[in-house]
Amino acid sequence: MPIQPTVPNQTKEKIIDAAIALFNTQGFNGTSVREIAKKANVNVAHISYYFNGKGGLLEYLVSKYYEGYLSVIEEGYIRLSHETPKNCLLLLIQDILNYQHYNRQLARFVLREVTLDSTLIREVMTTYLTKEKYFLKAILEEGIKTGYFRKAPMVHILVQLKSLLNMPYLQTQYMTEVLYIQTHETYFVKQYFHEIEIWIDHLLCEPAQKEAIV
């Protein structure tokens, strides 16, 4: 029988959901603690109790997102011991897209925050994104070493790959209002993954390795 969440946990989750919604529509600086409390239907004191204020709430949300994200990366990297580098990379990209889609509101907020220069974001770069680079680079380098991927400037490949993975959540409004793409739909993830697969085939793979994922 599933364990029912306790009242304190429900309160914390309500604060988190309210904060994500408001930060996405009004921005972090444009949102007050009182607005978060009102939307969550909780006392302002609860935000101080659980998060030590708005700054602590921001830190919690960013850490929550990247802890889960890095777990996906690490688990995907383990596949390299029994998958080809190409399949390992494709399966990992699938997992990343699914993680971002499942946490799309949080992803949208966090990825936007990472474009800013702050002490918190510098810590994120050091703690999480440096590890992400290590694992992605290791997969790509193994692919080059074993002949699956052609030799290419690693920095440029990482920049392009990261841009492809982040773009739907950094440019959500553009995609929805201008391109009429519904990024919240499940079919979008499947279609978008297929396009990234084509990108990998054409940009990264040696001609002999341009086969679909198995």
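Within how many Å do the axes of helix 7 and helix 8 come, and at what angle do they cross? I got within 11 Å and roughly 115° for helix 7 (residues 119–145) and helix 8 (residues 154–170). Axes here are lines fitted to C-alpha atoms, for helices over the stretch in contact, and angles run from 0 to 180 degrees between N-to-C directions. Helices are DSSP runs (H or I, at least four residues), numbered from the N terminus.

Before going on, I noted the ground rules: this is a predicted model, where local features need pLDDT of at least 70, side-chain atom pairs count only at pLDDT 80 or more, and totals for chains, interfaces and linings use all residues. Residues are numbered from 1 along each chain as its sequence is written, and side-chain values use heavy atoms, with hydrogens and water left out.

Back to the pair: the crossing of helix 7 and helix 8 is right-handed (the near helix is turned clockwise from the far one by less than a right angle). I listed the contact (heavy atoms within 4.5 Å). Helix 7 brings L129, E132, K133, L136, K137, L140, E141 and I144, and helix 8 brings M154, I157, L158, L161 and K162. By class I find eight nonpolar, no polar and five charged residues. Nonpolar covers Ala, Val, Leu, Ile, Met, Phe, Trp, Tyr, Cys and Pro; charged covers Asp, Glu, Lys and Arg; the others, Gly among them, are polar.

Next, helix 4 against helix 7. Their axes come within 10 Å and cross at roughly 10°. The two are therefore roughly parallel (angles under 35 degrees). Residues that meet include Y66 and Y69 in helix 4 and V124 and Y128 in helix 7. This contact has 14 nonpolar, one polar and five charged residues.

Then the core. The largest nonpolar core has 67 residues. Such a core is a set of buried Ala, Val, Leu, Ile, Met, Phe, Trp, Tyr and Cys residues joined through side-chain atoms within 4.5 Å. Buried means under 20% relative accessible area (1.4 Å probe, protein chains only). I36, L61, Y65, Y66, L89, I93 and I200 touch the most other members. Helix 4 (residues 54–78) gives the most, with 10 residues.

Last, two single residues. V72 is in helix 4 and counts as buried at 14%. Beyond four places in sequence, V72 contacts L92, D95, I96 and Y99. N24 lies in helix 1 (residues 7–26). N24 is buried too, because its relative accessibility is 9%. Again leaving out residues up to four places away, N24 touches Q105, R108, F109 and R112.

Terms used: Buried < 20%, exposed > 50% of the residue type's maximum accessible area, 1.4 Å probe, protein only. Parallel < 35°, antiparallel > 145°, perpendicular 65-115°, else oblique.
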